[in-house]
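This report covers the nonpolar cores of one protein and the surroundings of its ligand. The sequence and structure come first.

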Amino acid sequence: MAKGENGKILPDELSRIINKRTDIHYPKPKVVSITQATELGTVYKLKELNEIHKEAKKLKLNTHMDGARLANAIASLSCKPAQITKDVGIDVLCFGGPKNGLALGEAVIFFNLKYAEDFAYRCKQAGQLASKMRFIAAQWFSVLENNIWLKYATHANECAALLEAELKRIDEIKILYPREANSVFIDIPSEMAKFLKSKGWQFYNFIGTGGIRLMCSWDMTKETIRDFVSDIKNFLKKYKNRRNFL
Ligand SMILES: *Cc1c(COP(=O)(O)O)cnc(C)c1O
């Protein structure tokens, strides 16, 4: 496993992992895959991406970007899409749709055309050929035109910033990672989590290292955030005199 802070790979880790073993039972790595924004809701800065690419090149690794949440990263950095993809040497990018308003489908973008060879055949071999793919592809027109994708991602990030600001004011809640995109990871008393679930709120508690993950979507409303925070406050009021819930 690659070591790093806040969900990001440290460039130095690449050579350690690759050179850990050289025997035939150890896979020979050819690609480094960077998740942008990361699984912990943080965002690689331009400098960090450049450092990883430099190290990858030294080790003769190709670079892939898992951009399931790339739109949120671009909105967070206020940069041009090319600046954190093509310009930092990404060979292949998966640009995610479902987390930014599409029903399904990712756009696979080959900056290095060498790796596009026989792609359609490899998709078919891997069992990933969707019938009537034009309907999956067509969705992209509506989000790429007029920068709707960026509008959605900016909105989701702003909602997360608001949620973070509200939660920061509550002593019983600990923010776990820097909030840079559209998620807020928090640590809360288990009784509080149980209460919130009983009110119908849903969240995962197995992503990252403990705590719970709150995601703000492209179509979230500020009212939803207000209602969530108000349920937390209701819980605290209810349990104010019971010191043992923490
Ligand atoms: C959600 C997610 C995926 C899968 O994304 P799809 O666009 O649904 O294929 C892949 N990687 C990461 C990091 C994700 O969060």
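Contact here means that heavy atoms lie within 4.5 Å. The model is predicted. Leaving aside neighbours within four places in sequence, L14 is in contact with I9, V32, I52, E55, A56, L59 and L61.

**Nonpolar cores**

L14 also belongs to the largest nonpolar core, which has 31 residues. Together with L49, L70, I84 and F95, L14 is among the residues with the most contacts inside this core. Two or more residues of the core come from each of the helices α1 (11-18), α2 (46-58), α3 (70-77), α5 (133-144) and α6 (148-168), and from each of the strands β1 (31-35) and β3 (92-96). The largest share is that of α3, with 5 residues.

**Ligand surroundings**

Which residues are around the ligand? They are T35, E39, D66, A68, R69, P98, K99 and E106. By type, this shell divides into 5 charged, 2 nonpolar and 1 polar. The table gives distances from a ligand atom to an N or O atom in the side chain of three of these residues.

| Residue | Ligand atom | Distance |
|---|---|---|
| D66 | nitrogen | 2.7 Å |
| R69 | oxygen | 3.4 Å |
| E106 | oxygen | 2.5 Å |

Taken alone, the ligand exposes 380 Å², and 61% of that is buried by the protein.

How values were computed: Residues are numbered from 1 along each chain as its sequence is written. This is a predicted model: local features need pLDDT of at least 70, side-chain atom pairs count only at pLDDT 80 or more; totals for chains, interfaces and linings use all residues. Side-chain values use heavy atoms; hydrogens and water are left out. A residue is near a molecule or strand if one of its heavy atoms lies within 4 Å of it. A polar contact is a pair of N or O atoms within 3.5 Å; within protein, one must be able to donate a hydrogen and the other to accept it, and residues adjacent in sequence count only if both atoms are side-chain atoms. Accessible areas come from the Shrake-Rupley method with a 1.4 Å probe; for residues, only the protein chains shown count as cover. Ala, Val, Leu, Ile, Met, Phe, Trp, Tyr, Cys and Pro count as nonpolar, Asp, Glu, Lys and Arg as charged, and the others, Gly among them, as polar. A nonpolar core is a set of buried Ala, Val, Leu, Ile, Met, Phe, Trp, Tyr and Cys residues joined through side-chain atoms within 4.5 Å. Buried means under 20% relative accessible area, exposed over 50%, partly exposed in between (1.4 Å probe, protein chains only). Helices (H or I, at least four residues) and strands (E, at least two) are DSSP runs, numbered from the N terminus.
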